Amino acid sequence: MKNTNKLYRKLLIIGLMLLISLPALFAQGQQESANTITFAGSGGYPPFNYMTEDGDIIGFDVDVAAEIANRLDMELKYVATAWDGIVEGLRAKRYDGILGSMGITEEREAVIDFSIPYYYSGPQLIVMKDSGINSVEDLTSEHTLGLVTGTTFENDAKVLGTKVKLYEDDNQTLIELLNGRVDGVLTDRIVGLNAINQLKEGNKLTLVGSVLRSEVMGIGFHEDDDELREQVNAALRDMFADGTMKEISAKWFNGEDITVE
Amino acid sequence: MNILPWDLTVIPQRFFQFADAALYTLQITFFGILLGLIIGLVAALGRLSKRQWISALSKAYIFLIRGTPLLVQLFIIYYGLTSIVTIDPIPSAIIALGIHNGAYIAEIFRGSIQSIDYGQMEAARSLGMTQGKAMQRIVLPQAFKRAVPPLGNQLIIALKDSSLASTIAVPELMLKGRQMGSSSFMYMEMFLIVGIWYLIMTSLLSFVMHRIEQRLKVSDHD
Amino acid sequence: MTKQTHKTEETILKIEHLKKWFGDLEVLKDINLEVKRGEVVVIIGASGSGKSTLLRCINFLEKAQKGKIYVKGKQVRQQEKQLNKVRQGLGMVFQHFNLFPHMTVIGNVMEGMIHVKNMPKEKAREKALELLEQVGLSDKADIYPAMISGGQKQRVAIARALAMEPEIMLFDEPTSALDPELVGEVLSVMTDLANKGMTMLVVTHEMWFAKEVADRVIFMDDGIILEEAPPEEMFSAPKEERTLAFLKQVLPPQDE
C-alpha cells in the first residue's frame, strides 16, 4: 500500500496546484473595474479591427474606441468575439458596446440601439484580376461568393442570385478567394482595398465596379443603456467637431475621410 | 530550401507564444474533468439505485448528454441560457466539459462497479454492513482501481475536446491558432504549432496514466 | 474423533412455510425447519434442490416470497436496520470465499469489527489476531488474500465471520471450490467450531463431516425437505427412495 500512498500524494499535489489556479481562471473574465469600457468587434476585419501577431487588436475602430474611452475618462478594453453572436453578446451584457463596423439596419435597431453614425462606406465585389468578372452583372447563379455570417452583405448576395459560402471573418473570405475556392468576395470596399494593398498576394485581387449601396456604421448599445449611449454620442460629436475623426480616418485610409457622407 | 509553400522556421520561433493558451487548455480540461468525475460518480450511483425515479433521472441525463454533441451543449450553456443567466466563457467551458464528460464517466463508473463480483457485496452485507458502507468500504475502492484505465482515456479525449471552447472566446490553444493564423495568414504553420502542443500534452498525460496504472498493478492484490 | 453434541433445548432458528420462486420456478416449496442452539445441521441434496437458496434466505441474501423466519424467537423482517443487526448474528461462509482483495488478511477480519461494531482499531486488531490464531493463520496476518491458498482463504473467511460474534454460522458449500488436499484443514476448523458449541447450518457434499459432526442431516430434493434424521439413521437406513438413490451416488459403496 505504500506505493499507492506515494502516488496519491503526488497526484494530490498536482491537483492542488491546478486548483489554486481556479480563481485566476475565473478572474480572466472579470477584469473590468468600474472604470473600464468594453467594446467588441470581430477582430478579423482589417483595417477596421484586426489582430496583430502579438494578439493585440488594432484598427480604425479600435482607435475610435480608444479616443471615446479617453474622452469619457475610462480605460478601453477591446475584445474580439464571433460576429454571428455579437449582438446576442451585447444583449447578454458581455460588453458595453459593439464598435466593430456594424451597419445600422432596421433589423438590428429592433433589438439594440445605435449611436450617431461614425463612418460611411458600402459593400463592393472583390475578385481575382484574371477572373473575367468586370461588373456585378457578370455574376451568374453558377458563381460562388464568399462572405461573413451575420453581415449585411448576406442579403446583397441573395439579391445577386449567386451561390454563397459563409465564413467567420474576412481574413478567411479573402484567403478563400486567393485559393480559388470562391469566385468573389462581398465585403466593405475599404476592406477590399486594404486587402489588395496589404495581403501577400493582394495584387492579384481587384475591386469590381462601384459600391452596391451605401452603408452607415454606428456603435451598438444595449437597449437599456441610454445613458452610456448619450455619453458616447456627445464624445463623438466633439470628435467630429474638432477634427479628431478626420485625423483617425486619414491615418488609416491614406488621407481619405470616411467619417462624412 | 522552400520546396514546401510553408515557412516552417516560424514554428520554433513562435512556439512558446502559445504557452499561455496551452495553460488555459490544461486548466479547463482539468476542472472540466474534475466536475465530470463528481457528476459521473453521482450519476453512476444514481443509475444503479433501486429507486426507480433516481435511476430514470440518471439514465435520462446519460442518454441526453451522450446523444448530443459537446458543441451543442456548450452553445446552450454559453448562448442559450443568456435570458436566465449569463455565464462567462471560461466557466461555460468548464461546466460544459464537466456535464459532457460526466455522462461518459458515469458509464465508466457503472461498468467498473458492476464488474465487481457480487459476492463482495454479499460478504459485506453478511457482516451486517449497510448498503452505503458496503459500497464505500468494499465495492467502490475496488471499482475505482478498475476505472483508472478508461478514465485516463477519457481525460485525453477531454483534452482534445477542449478545443471546442475556442468557439466561445476561451483563449485556449485552438483559438490562439486561429487568431495567429488569421492575422499572419500562416494558417498551416500556426496549426502545426497547435497540433504539436496538443501532442505534447496528450503524450504527457498518457505517460502519467501509464505510470499510475503500473503503480496500481503493483498494489493490485489479485 | 469423538462425537460430541452441544445441542441445547433452546430454539434459535425457526423457519415456517418458506416458499420461494425465481420467476415462475418454485425453488422452495413450503420449508419448515427448527434448529436448536448448539445444533449442527448438515443439508445435503442434488444441485437445484434448493439447499443453497434455503441458506441464503435465512440471512436474506435471497428473499422468500412467503413464509416467516424467526431468529431467537423474533421474526426477521426486511426492514433495513433490523436486518443489519440480525445479520451480525448470522455468520456466513461462502463457497468462493469472497474475501476483500484490497485488504490484508487481518484487515479482512477486522473490517466488520471496526466498521460495523465500531470497535476501536487496537481492540479489533487484538481480537482479529486471536481469531486468526484459532484458525491457525496468525502468521499470515499482514499478507494479502491473493497470496494464500484456497484452504487458507476459507479459514480467513471463517475468522472474518466469527469476528462479528455470531450465534449461528451458515456455511454454503464451504469446501466445494477447494482442491481436495485443502479440504481437510477447513473441515478441521469447522469441527473445532462445532465442538465449541456453535450452532451451524452447513450445506455440503462432504459426507464425512455430516457423519462425524452433524447432529442432524437434512436431505432436500426438488424444493422440499424430503427427509431429516440423525446421520447414523440417514446414512444406514434412509426412509425415502430418492434419498437412497442420492446417497448411493455420493457415498462409497457400503458392504452390508
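# A tour of three touching chains

Start where chain B meets chain A: across this interface the rule finds 4 residue pairs in polar contact, with both residues at pLDDT 80 or more. (A polar contact is a pair of N or O atoms within 3.5 Å; within protein, one must be able to donate a hydrogen and the other to accept it, and residues adjacent in sequence count only if both atoms are side-chain atoms.) You are looking at a predicted model, in which local features need pLDDT of at least 70, side-chain atom pairs count only at pLDDT 80 or more, and totals for chains, interfaces and linings use all residues. Residues are numbered from 1 along each chain as its sequence is written, chains are lettered from A and ligands numbered from 1 in the order in which they are written, and side-chain values use heavy atoms, leaving out hydrogens and water.

**Stop 1: chain B meets chain A**

Select the side of chain B that touches chain A. The elements giving two or more residues to this side are helix 2 (19-47), helix 5 (89-114), helix 8 (173-184) and helix 9 (187-218) of chain B. (Helices, H or I with at least four residues, and strands, E with at least two, are DSSP runs numbered from the N terminus.) Helix 8 of chain B gives the most to this side, with 6 residues. (Ala, Val, Leu, Ile, Met, Phe, Trp, Tyr, Cys and Pro count as nonpolar, Asp, Glu, Lys and Arg as charged, and the others, Gly among them, as polar.)

Now show both partners. The contact, meaning heavy atoms within 4.5 Å, takes 32 residues from chain B and 31 residues from chain A. About 2,900 Å² is buried between these two chains, and carbon and sulfur atoms give 62% of that area. (Buried area is the accessible area, with a 1.4 Å probe, that two parts lose on being put together, summed over both.) On the chain B side, pick out B:Phe31, B:Phe185 and B:Arg215: they lose the most area to chain A, together 21% of what that side buries.

Which residue of chain A forms a salt bridge with B:Arg178? Select A:Glu168, where the closest N and O atoms of the pair are 3.0 Å apart. (A salt bridge is a side-chain nitrogen of Lys or Arg within 4 Å of a carboxyl oxygen of Asp or Glu.)

**Stop 2: chain C meets chain B**

Move to the contact between chain C and chain B, which takes 25 residues from chain C and 20 residues from chain B. The area buried here is about 2,000 Å², with carbon and sulfur atoms giving 56%. There are 2 salt bridges between these chains and 8 residue pairs in polar contact, both residues at pLDDT 80 or more. Zoom in on C:Glu111 and B:Arg137, whose side chains meet in a salt bridge of 2.6 Å, N to O.

On the chain C side, highlight helix 2 (80-89), strand 6 (90-93), helix 3 (105-115) and helix 5 (150-162), the elements that give two or more residues. Helix 2 of chain C provides the largest share, 4 residues. By type, the side of chain C that touches chain B divides into 13 nonpolar, 7 polar and 5 charged residues.

**Stop 3: chain B by itself**

How many helices and strands does chain B have? Count 9 helices and 0 strands. The C-alpha trace of chain B spans about 75 × 50 × 25 Å along its principal axes.

Next, select residues 22-209 of chain B, which an unreviewed UniProt entry annotates as "domain: ABC transmembrane type-1". (UniProt positions are given in the numbering used here, feature names are shortened, and annotations may be inferred rather than shown by experiment.) This span is 80% helix and 0% strand, and its end C-alpha atoms lie 20 Å apart.

The unreviewed UniProt entry also lists residues 24-48, 60-81 and 185-208 of chain B under "transmembrane region". Residues 24-48 of chain B are 96% helix and 0% strand, with end C-alpha atoms 35 Å apart. Residues 60-81 of chain B are 73% helix and 0% strand, with end C-alpha atoms 20 Å apart.

**Stop 4: details in chain A**

Bring back chain A and find the open sheet of 3 strands, in the order 2-3-4 with antiparallel pairing. (Two strands pair if DSSP finds at least two bridges between them.) Its edge strands are strand 2 (44-45) and strand 4 (57-58), each pairing on one side only. Strand 2 and strand 3 (residues 49-51) of chain A pair over 2 bridges; look for A:Tyr45, whose bridge partner in strand 3 is A:Asn49.

Most residues other than glycine have a negative phi, and most peptide bonds are trans. Is the peptide bond from A:Pro46 to A:Pro47 cis or trans? This bond is cis, with omega near 5 degrees, and A:Pro47 lies in the loop between strand 2 and strand 3 of chain A. Finish at A:Ser101, which has a positive phi of about 65 degrees although it is not a glycine; A:Ser101 is found in strand 6 (residues 97-103) of chain A.
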